[in-house]
Amino acid sequence: MVTSLLVVIVVLALLFDYTNGFHDAANSIATIVSTKVLTPFQAVLMAAVFNFAAYFFIKDHKVANTVSKIVLEHYVTLHVILAGLVAAITWNLFTWWFGIPSSSSHTLIGGFAGAGMTNALYMGANALQAVEMQYVLKIIAYIVLAPFIGLIIAYIVTILILHLCKAARPATAERWFKRMQLVSSAALSFAHGGNDAQKVMGILYVSLIASKVIKPGTAMPEWIPLACYSAIAAGTMSGGWKIVKTMGSKITKVTPLEGVSAETAGAITLFITERFGIPVSTTHTITGSIIGVGLTKRVSAVRWGVTINLVWAWIITIPISALIAAGVFALLHFFA
């Protein structure tokens, strides 16, 4: 049954996807802007186009399926979903305002899980009974694994490129790397759209089930992916320049060659995790890739103080989002 609450949830879910777009725009454009291959406007326009292009090619929504199953169906209500979305939007806006490249994926997952666990407590159950632990543990594991995989791939790609191009004239190589960065940045934007849009798709799908608009196991209505890809592309068009500055220059100085390596590594990691239905953080992945590039020069080339601050943001995102969601759900329950 379509209710006003369901409509509010759909609007908020798409608003979150929009904030995800401008919050995570830096992931795919930071290096290409910092190396001056494209202007900021050209970069966000390209990123938005390739964010949306994923809609036409990615039809196996494994990541969306994983997100929809994080909270067990028995504990999912529209209030749970609403609380999770409010928490996720709140944390996204907070971290965007302060230029902190936290994970939009993990704040949504943390909010959803936190609200579901709180609902379980109100129903007299153990909070942990509300979540599907195999999915939660996998997501937590990839907080570490995704940036590490990106780091390793970026390190290997950079070494290979340096070896293959060691005889090239620097000016010629620089010109070619700038051209290649257009391809690598586009690939990363495509992978970002394909991975991140699916998280909200999973939330909207479970919302329709919770409101009994569709039955469990029903195919996802086509308007959901279309709306989600559109919202994230529109958000990407809005930029997110504070985070671009952090990602593009504060971690390590990035050249066009290193931009190609980082973006290629990030895209490969996202394609692999999307294939296995793992909702990883694009932010974590590209950060690890940029660090991997820096390590090919020397360990001191990476600004570890900035990196450690980012890691702390990653660690606290899920628990803080869960706590915010718990508070929002408690308020909704009190006034219901």
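1. Helices here are DSSP runs of H or I of at least four residues, and strands are DSSP runs of E of at least two, both numbered from the N terminus. The model is predicted. By that definition, the chain has 12 helices and 0 strands. Read from the N terminus, the order of elements is α-α-α-α-α-α-α-α-α-α-α-α.

2. Overall figures for the chain come next. The chain has 336 residues, 58% of them buried. Its accessible surface is about 14000 Å², and carbon and sulfur atoms account for 73% of that. Among contacts with a separation of 6 or more, 87% are between residues 24 or more positions apart.

3. The UniProt entry, which is unreviewed, carries the feature "transmembrane region" at residues 37–58, 70–94, 106–128, 140–164 and 311–335. Such annotations may be inferred rather than shown by experiment. Two of these spans can be set beside the model. Residues 311–335 are 100% helix and 0% strand, with 37 Å between the end C-alpha atoms. Residues 70–94 are 68% helix and 0% strand, and there the end C-alpha atoms lie 24 Å apart.

4. How many salt bridges are there in the whole structure? A search finds 3. One of them joins Lys 59 to Glu 222, with 3.9 Å between the closest N and O atoms. This pair links distant parts of the chain, the two residues being 163 residues apart. Lys 59 sits in the loop between helix H2 (40–57) and helix H3 (62–68), and Glu 222 sits in the loop between H7 and H8. Lys 59 counts as partly exposed because its relative accessible area is 48%. Glu 222, at 44%, is also in the partly exposed class.

5. A salt bridge also connects the side chains of Lys 62 and Asp 60, at 3.9 Å from N to O. Lys 62 has a relative accessible area of 28% and is therefore partly exposed. Asp 60 is partly exposed too, at 47%.

6. Asp 196 and Lys 199 form a salt bridge with an N to O distance of 3.0 Å. The two residues are 3 residues apart in helix H7, so about one helical turn separates them. Is this pair buried or exposed? Asp 196 is buried, with a relative accessible area of 0%, and Lys 199 is buried at 1%. The cut-off for buried is under 20% relative accessible area.

7. Asp 17, in helix H1 (residues 4–34), deserves a check. The residue is buried and has no salt bridge. Which side chain of opposite charge is nearest to Asp 17? It is that of Lys 199, 8.8 Å away. Leaving aside residues up to four places away in sequence, Asp 17 touches Asp 196, Ala 197, Val 200, Cys 228, Ala 231 and Ile 232. Of these contacts, Asp 196 is the residue that forms a salt bridge with Lys 199.

8. A nonpolar patch lies on the surface, formed by Phe 148, Ile 152, Tyr 155, Ile 156, Ile 159, Leu 160, Leu 162 and Leu 164. Together these residues have about 770 Å² of accessible area. Tyr 155 belongs to helix H6 (residues 133–164). Tyr 155 counts as partly exposed because its relative accessibility is 37%. For comparison with the record, UniProt has one of its "transmembrane region" spans at residues 140–164.

9. Lys 212 has a positive phi, about 65 degrees, and is not a glycine. Most residues other than glycine have a negative phi. Where is Lys 212 found? It is in the loop between helix H7 (170–210) and helix H8 (223–237). With a relative accessible area of 68%, Lys 212 is exposed.

10. Thr 255 is in the loop between helix H9 (241–250) and helix H10 (256–275). Its relative accessible area is 32%, which means that Thr 255 is partly exposed. Thr 255 and Lys 178 are 77 residues apart in sequence, and their C-alpha atoms are 9.1 Å apart in space.

Terms used: Residues are numbered from 1 along each chain as its sequence is written. This is a predicted model: local features need pLDDT of at least 70, side-chain atom pairs count only at pLDDT 80 or more; totals for chains, interfaces and linings use all residues. Side-chain values use heavy atoms; hydrogens and water are left out. Patches are made of residues with over 30% relative accessible area and no salt bridge: like charges are joined within 9 Å, nonpolar side chains (Val, Leu, Ile, Met, Phe, Trp, Tyr) within 5 Å. Accessible areas come from the Shrake-Rupley method with a 1.4 Å probe; for residues, only the protein chains shown count as cover. A salt bridge is a side-chain nitrogen of Lys or Arg within 4 Å of a carboxyl oxygen of Asp or Glu. Buried means under 20% relative accessible area, exposed over 50%, partly exposed in between (1.4 Å probe, protein chains only). Lys and Arg count as positive and Asp and Glu as negative; His and the chain ends are not counted. Contact means heavy atoms within 4.5 Å.
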